[in-house]
Amino acid sequence: MKNTLTISGSPHVHGSWTIEKAMYGVVLAMVPAMLVSFYMFGLGAVRVMLMSIVACMVFEYVIQRYIIKGPVTIMDGSALVTGILLAFNLPTSIPSWMIITGALVAIGMGKMSFGGLGKNPFNPALVGRVFMLISFPAAMTTWPKPIVSRPFFSFQGLDEKVLDSITGPTPLGMLTDGADGTMPEYVNMLMGSMAGSLGEISALALIIGGVYMLARKIITWHIPVAYLLSSFVFAGILWAVDPTQYADPMFHMITGGLILGVFFMATDYVTSPMSAKGQIIFGVGAGVLTILIRVFTPYPEGVSFAILLMNAFTPLINSATKPKRFGEKQPA
Amino acid sequence: MSAGEPIVSFPLPKQGVIPVTQHLGAPAKVLVKRGDTVKTGQLIAQTAGFISANVHSPFTGKVKKVDQTTDASGYKRQAVIIDVDPQEQWEEGIDTSHDLLREITADAKEIVEKIKANGVVGLGGATFPSHVKLMVPEGKDIRYLIINGVECEPYLTNDHRLMLEKADEMMVGIQVLMKGLHVKKAIIGVEANKMDAIKHLKDKASHYEGITVEPLKVKYPQGGEKQLIKALINREVPSGKLPLDVGCVVNNVATAFAVYEAVQKNKPLIDRVLTVTGKKLLKTANLKVRIGTPVSQLLDHVGGLPEDTGKIVSGGPMTGKALTTTEVPVVKGTAGILVMDREEAWKATPRPCIRCAKCTQVCPQGLEPYLLHQYGEMKRTEEAEYDGIMDCIECGSCNYTCPSARPLLEYIRYGKAETGQMIRNRKSN
C-alpha cells in the first residue's frame with residue numbers, strides 16, 4: 001500500500017484543459033468554412049483539403065519517427081490544424097504535387113526544423129503558403145469561380161480549357177491589377193460566392209468559427225479585435241482621403257483572407273505574443289501591414305506576409321510588454 | 001463534501017509525537033527530557049529567537065523520548081514523544097469550561113504576552129507566530145484587522161464549520177486582536193458560496209462593535225493574503241512588502257478562535273479543527289484533534305484507507321503536501337487530510353509549452369509563469385528576480401490550467417529557492 005503513494009509537489013489537482021482540446025476546438029471552428037468551400041468549389045476542394053491534411057500528418061510522422069527519432073505526436077491535432085489552414089490558403093485548381101511540396105515546407109521547415117510544436121517562430125501553414133506563392137506564382141493565383149450555379153460533381157480536373165472558362169480574378173485582384181470581372185455583391189462575398197482560395201471565401205462562416213473559439217476561450221479577443229479595427233481604420237483613412245482610388249474599408253474586411261487570418265492564423269498560440277498588451281500591438285501591426293501591402297505593393301493580398309512579419313516581432317513584443325504586476329500601482 | 005459534518009472531538013491517541021518546529025521561524029528549545037511527566041497544556045519547548053513559537057504538551061503522560069522524526073514535510077525534525085495517560089490532568093490556570101467569556105480584561109500588552117506564551121500561530125497555513133503580527137513597528141498606521149474566512153482551498157471545510165459553530169468565541173477573539181492592535185475596524189471576508197456562514201456571522205457581528213462581514217466572489221486564490229486585502233479594501237500590497245504597509249493585519253478565522261482561547265481562557269494552542277476528506281472515503285469528517293495525534297488514526301476513524309489510494313495530501317489540493325507515510329503527527333498547521341484515489345493522483349506527462357498564455361492569464365500576481373519556469377530550470381536567477389519570481393504566492397493556478405501539464409510551480413519553487421539564496425548572498429556581502 002504505502003509503496004504505491006504518489007509524492008509530488010502541489011498542486012495535486014489539474015484542470016481538464018489539454019493541447020488536444022484546444023487544437024480540436026480550432027478544427028471544429030474551421031468546419032463551417034470548410035463546408036462552404038466544399039459547397040462552393042465541389043470535389044476539387046475536398047481533394048485539396050484531404051491532400052493537405054494527409055501530407056502534413058504524414059510528414060510530421062516521418063520526421064518525428066525517422067529523423068528526430070523522438071515521440072510521435074501527430075494525434076495532438078496541431079498537424080491537422082496546419083493541414084487545414086494550408087488547404088484554406090490554396091486555390092482548388094492547385095496540382096497535388098504542389099500541395100505535397102507546400103506541406104513538406106510547412107511541417108518540415110516551418111515547424112520541425114525548430115524543434116516541433118511550441119518552438120516554431122513562424123506560423124507553419126503560412127510558411128508553406130508563402131513558399132508556394134513565391135515558387136508557383138501562376139498556379140497559386142489561378143482562382144476557380146464557385147460552382148454553385150453548376151452541378152456539384154461536374155468539376156473536370158485541370159484541363160487548361162476548362163480552367164480558363166471557370167476561373168476568374170478575386171475581388172482584390174481586380175482592385176490591384178485592374179483585372180476584368182464583375183465585382184460580386186457584398187452579400188455574396190459574405191456568404192462565400194466569390195473567387196478565392198478555399199478557406200477565405202465566406203467571411204460569415206469564418207466569423208461563426210471565430211465566435212465559437214472566443215466563447216470556448218480557445219482564443220482571447222485581443223488579437224482579432226485589434227487586427228480588425230486597425231485594418232478597418234487604416235483602410236478607412238485612405239478611403240476618406242480619396243474614395244475614387246481606394247476601396248472602402250468594408251470591402252477590405254470581407255475580401256481576401258483577412259477574416260481567415262484574423263481568427264485562425266494571427267491567433268496561433270505559438271507565434272503570437274503572451275500578454276494582452278502584446279497581443280494588441282501584434283494585432284494592430286498585422287492590420288496596418290495588411291492594408292499597406294494590399295494597397296501599395298504589387299501583391300493583391302497581404303494577410304500572410306503581414307502575419308509572418310508580426311511573427312518575427314513576437315519575441316521583441318514579449319520582452320517589451322510585461323503583464324501588470326500585482327502591487328505595482330495602487331488601484332484608484 | 002464535508003461541509004455538513006459537525007466538528008467532532010477526536011479521542012486521545014496512545015502516543016503523541018509533538019515536533020518542536022510547527023511554525024514558521026526558529027525551532028523552539030526543548031524543556032523536557034526522557035522520563036519527565038507532563039500535564040496537558042504544560043510548556044515543553046520555548047521560543048528561540050524573535051520569530052518562533054512556544055510548544056505545549058497536548059497530553060498528560062510521560063516523555064518517552066526526545067528524538068528526530070519525520071513530519072509532514074518529509075524532513076526529520078526534533079520532536080517530543082509522549083506516552084499518553086488517558087487520565088487527563090490540566091496545567092493550572094487553564095479554563096477548560098465551555099463558558100463564553102466576553103469581557104476582555106487584558107490590556108494590549110498583556111494580550112500580546114498571552115498570545116506569545118500560549119504558542120498561537122497562524123492557522124490558515126503559513127503558521128507565522130501570531131504575536132509577531134501584533135507587534136506593529138513604530139510609524140506603521142494600522143487601520144484594519146482583516147479576518148480570513150475564505151477557506152483557502154477547495155475540499156477543506158474546517159474553517160467553514162468553525163464559523164458556524166464557534167462564531168461567538170471567534171467574535172471575542174477578533175475583539176481581542178483589535179484591542180491588541182489598537183484598531184477600530186475588523187472585516188471578515190467569506191466567499192459567497194458559504195451563505196450560511198455569512199448569515200450566521202453577520203447575525204453575531206451585530207452584537208460586537210466594529211466588526212463587519214463581507215461576502216466575496218468565489219474564485220481561487222481569494223484566500224491568498226494579498227488577494228484578500230485587494231478584495232476587501234482595494235489596496236495592493238507592493239512586491240516585497242507586508243500587509244502592514246497598506247495599513248492592515250490579516251488573521252485566519254481559526255487563529256481568531258485560538259486567540260480567544262489563549263487570551264480569555266489561558267489555553268495554549270494544543271488542538272485544532274481539521275477536515276478529513278476524499279472521494280472514496282467511507283465518510284468525511286471535521287475533527288477537533290490534539291496536536292501530535294498520528295494521521296493514521298484519523299484515517300482509521302473515517303473507515304481506513306480505500307484500496308486504490310494514490311496520494312495522501314496534508315492540507316488542500318492546491319497547496320498541500322503529499323505525505324510519504326501516514327505515521328506523521330498532526331501539527332498546528334494541519335488544516336486537513338485529503339485522500340485521493342489513483343485516478344486523481346495520476347499525473348499527465350508534461351509536453352512542450354505551446355505558449356497559449358493561459359498561465360499568464362490566471363496568475364493572480366501578474367507574473368509570467370512559463371518564463372519563470374524556464375528561468376528556474378536554467379538557474380537564471382537574475383532574470384528570475386527581475387521578472388518577479390519572489391512575488392509568486394505558490395497558489396498553483398498556472399499548473400492547474402496548463403494544457404501541456406507542465407510542472408510550472410515545481411520549477412518556479414525551485415527557482416525561488418535559488419533566487420532567494422542569491423539575494424541573501426548579495427545582502428551578506
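User: In the largest nonpolar core, which residues touch the most other members?

Analyst: This is a predicted model, and in it the largest nonpolar core holds 104 residues, of which Val48(A), Cys56(A), Ile84(A), Ala87(A) and Ile307(A) touch the most other members. The largest share of this core, eleven residues, is supplied by helix 1 of chain A, which spans residues 19-41. Apart from it lies another core, of 99 residues, which includes Leu145(B), Ile188(B), Ala231(B) and Val302(B).

User: With which residues is Ile307(A) in contact, leaving aside its neighbours within four places in sequence?

Analyst: Once those neighbours are set aside, the contacts of Ile307(A) are Asn123(A), Leu126(A), Gly261(A), Met265(A), Ala266(A) and Ala286(A).

User: Turning to chain B, why is it said to be as compact as a globular protein of that length?

Analyst: One begins with the secondary structure, which in chain B comes to 14 helices and 17 strands. The radius of gyration of chain B is 21 Å, close to the 22 Å that the globule rule gives for 429 residues, and so chain B is as compact as a globular protein of that length. Along the principal axes, the C-alpha atoms of chain B fill a box of roughly 60 × 50 × 50 Å. Of its 429 residues, 54% count as buried, and among contacts in chain B between residues at least 6 apart in sequence, 72% join residues at least 24 apart.

User: How should I read the packing of two helices, and at what angle do helix 11 and helix 14 of chain B pack?

Analyst: An angle from 65 to 115 degrees counts as roughly perpendicular, and one under 35 degrees as roughly parallel. Helix 11 (residues 369-378) and helix 14 (residues 408-428) of chain B pack at about 55 degrees, with their axes 8 Å apart, and they are therefore oblique to each other. Their crossing is left-handed. On the side of helix 11 of chain B, the residues that meet helix 14 are Pro369(B), Leu372(B), His373(B), Tyr375(B), Gly376(B) and Glu377(B), while helix 14 of chain B contributes Leu408(B), Tyr411(B), Ile412(B), Tyr414(B) and Gly415(B).

User: Is the crossing of helix 4 and helix 5 of chain B left-handed or right-handed?

Analyst: That crossing is right-handed. Helix 4 (residues 167-181) and helix 5 (residues 195-205) of chain B pack at an angle of about 55 degrees, with their axes 10 Å apart. The contact is made by Ala167(B), Asp168(B) and Met171(B) of helix 4 of chain B together with His200(B), Leu201(B), Lys204(B) and Ala205(B) of helix 5 of chain B.

User: What should I look for in the backbone, and which residues does a cis peptide bond join in chain B?

Analyst: Most residues other than glycine have a negative phi, and most peptide bonds are trans. In chain B a cis peptide bond joins Tyr220(B) and Pro221(B), with omega about -5 degrees, and Pro221(B) is found in the loop between strand 11 (211-216) and helix 6 (225-233) of chain B. In chain A, the peptide bond from Ser10(A) to Pro11(A) is cis, with omega near -5 degrees, and Pro11(A) sits in the segment before helix 1 of chain A.

User: Does Ala357(B) count as buried or exposed?

Analyst: Ala357(B) has 22 C-beta neighbours inside 10 Å and therefore counts as buried. Although not a glycine, Ala357(B) has a positive phi of about 70 degrees, and its place is the loop between helix 9 (342-345) and helix 10 (358-362) of chain B. Glu394(B), another residue other than glycine, has a positive phi near 55 degrees, but with 17 C-beta neighbours inside 10 Å Glu394(B) counts as partly exposed.

Technical notes
Residues numbered from 1 in each chain as written. Chains lettered and ligands numbered in written order. Predicted model: local features only at pLDDT ≥ 70, side-chain atom pairs only at ≥ 80, totals over all residues. Core = buried A, V, L, I, M, F, W, Y, C linked by C-beta atoms within 7 Å. Buried ≥ 20, exposed ≤ 12 C-beta atoms within 10 Å, placed from the backbone. Helix = DSSP H or I, 4+ residues; strand = E, 2+ residues; numbered from the N terminus. Contact = placed C-beta atoms within 7 Å. Rg over C-alpha atoms; globule rule 2.2 N^0.38 Å. Axes fitted to C-alpha atoms, helices over the stretch in contact; angles between N-to-C directions. Parallel < 35°, antiparallel > 145°, perpendicular 65-115°, else oblique. Left-handed = near helix turned anticlockwise from the far one by under 90°.
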